[in-house]
Amino acid sequence: STITTLNLSINNIGDAGATAFADSLRTNSALAHLGLDSNDIGPDGARALAEMLSDNSTITTLKLSDNNIGNAGATAFAEALCTNSALSELYLGNNNVGAASAIAFEDALHTNSALTYLSLDEDDNYLSIGCILINKIFELILINRGADSREEARWRKIKLRIEWMVNAEDEDEAGPRRNWVPPRTRASTGALPHPSGIDGAREGRGRFGVDCAPGQGAVPVRRRLWCR
C-alpha cells in the first residue's frame, strides 16, 4: 500500500541521513506526514529538507522537534514557505531557534497562506525572540487559519501590516509599552487546541500563550509556542 505517514523519530539519522532522505522525497507524491524528531539533525540536514519542500507538494506535516537545526536551519524552512503551498504544520520545538529565524518566519508568512500551525522553541529562547514578534507570527497564522482564500488572506495581511505601522508610530510618540499585546492575540491567549500528532494521539498541552512582563520580554504561558 502507499505510505502516507512515516515516523522515523529517535533513529540517529543525522545530517547525512536527512540529506539522503530529502533527495528521495523530492519526487515522492504520496507521503503527507513525516516525523523526524530527536534525530541529531543539524543546519545542513535542515537545509536539505527545506530545499526538498520546493519540489515536494504533498507533505503537509513535518516534525523536527528536539534536533539542533538552529537559526540557520529554521531560516531555511522560513524561506521555503515563500514557495511551498502544501505544508500546513511545522514543528521546530527545542532546536535553539531565536529571533533571527523568527523574523524570517514573520516575513514569509506575509505571502504564505498554507501554514496553519507552527511550533518554535522553548523557555528561555523566547526572551531573545521578543513578545511583539511572537504575537505578529501568531496573528499571521490566525489569518491563514480563518481566510477562505489566498486572496482574502493577502488582503487581511496587508490591512494587518498597516495596523502594525500605525501602532509603531503611536508607540514612537507615546514611548515604549512593555506590556502591550495585540488585542486579538490577548483575547485568544491560551484558547487554541493542539492538533493531533502524527501518531493520531492528541497531546494535552496545546495552548498558545505569551505575555510581556516589564523587563522580561516574552514569557511563555506554556512550555512551547503553539500557533494554532
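Q: Which residues of helix 2 are buried?
A: This is a predicted model, and the burial of each residue is judged from its relative accessible area, with buried meaning under 20%. Helix 2 covers residues 43–52. The buried residues in this helix are G45, A46, A48, L49, A50 and M52.

Q: Against which helices do the buried residues of helix 2 pack?
A: Helix 2 has among its buried residues A46, A48 and L49. Packing here rests on contact, which means heavy atoms within 4.5 Å. The partners of these buried residues are helix 1 and helix 3.

Q: How many helices and strands does the protein have?
A: Helices and strands are DSSP runs, numbered from the N terminus. Helix 1, for example, spans 14–25, and strand 2 spans 33–35. In total, the protein has eight helices and eight strands.

Q: Are helix 3 and helix 4 roughly parallel or roughly antiparallel?
A: The axes of helix 3 (residues 70–80) and helix 4 (residues 99–108) come within 8 Å of each other and cross at roughly 0°. Because angles under 35 degrees count as roughly parallel, this crossing makes helix 3 and helix 4 roughly parallel.

Q: Which residues make the contact between helix 3 and helix 4?
A: The two axes come within 8 Å. Helix 3 contributes N71, A74, T75, F77 and A78 to the contact. From helix 4, the residues are A99, A100, S101, A104, F105 and A108.

Q: What is the N to O distance in the salt bridge between D23 and R26?
A: D23 has a relative accessibility of 46% and counts as partly exposed. R26, at 24%, is also partly exposed. Their side chains meet in a salt bridge, with an N to O distance of 3.8 Å.

Q: How many residues apart in sequence are the parts tied together by R26 and E51?
A: R26 and E51 form a salt bridge, with their closest N and O atoms 3.9 Å apart. R26 lies in the loop between helix 1 and strand 2, whereas E51 lies in helix 2, so the pair ties together parts of the chain whose separation in sequence is 25 residues.

Q: Why does D55 count as partly exposed?
A: Buried means under 20% relative accessible area and exposed means over 50%, with partly exposed in between. D55 falls in the intermediate class because its relative accessibility is 46%.

Q: Is L160 buried or exposed?
A: L160 has its place in helix 7, which covers residues 150–174. Its C-alpha atom is separated by 8.4 Å from that of L140, which is 20 residues away along the chain. Because the relative accessible area of L160 is 2% and the limit for burial is under 20%, L160 is classed as buried.

Q: Which residues form a nonpolar patch on the surface?
A: V166 is found in helix 7. At 40% relative accessibility, V166 counts as partly exposed. This residue belongs to a patch with about 370 Å² of accessible area together, formed by W155, I158, I162 and V166.

Q: What is the phi of D40?
A: D40 is found in the loop between strand 2 and helix 2. With a relative accessible area of 54%, D40 is exposed. Its phi is positive in a residue other than glycine, with a value near 55°.

Q: What is the phi of N94?
A: N94 is found in the loop between strand 4 and helix 4. At 35% relative accessibility, N94 counts as partly exposed. Although N94 is not a glycine, its phi is positive, at about 60°.

Conventions. Residues numbered from 1 in each chain as written. Predicted model: local features only at pLDDT ≥ 70, side-chain atom pairs only at ≥ 80, totals over all residues. Heavy atoms only, no water. Helix = DSSP H or I, 4+ residues; strand = E, 2+ residues; numbered from the N terminus. Buried < 20%, exposed > 50% of the residue type's maximum accessible area, 1.4 Å probe, protein only. Patch = residues over 30% accessible without salt bridge, like charges linked within 9 Å, V, L, I, M, F, W, Y side chains within 5 Å. Areas by Shrake-Rupley, 256 points an atom, 1.4 Å probe, with all protein chains shown as cover. Salt bridge = Lys/Arg side-chain N within 4 Å of Asp/Glu carboxyl O. Axes fitted to C-alpha atoms, helices over the stretch in contact; angles between N-to-C directions. Parallel < 35°, antiparallel > 145°, perpendicular 65-115°, else oblique.
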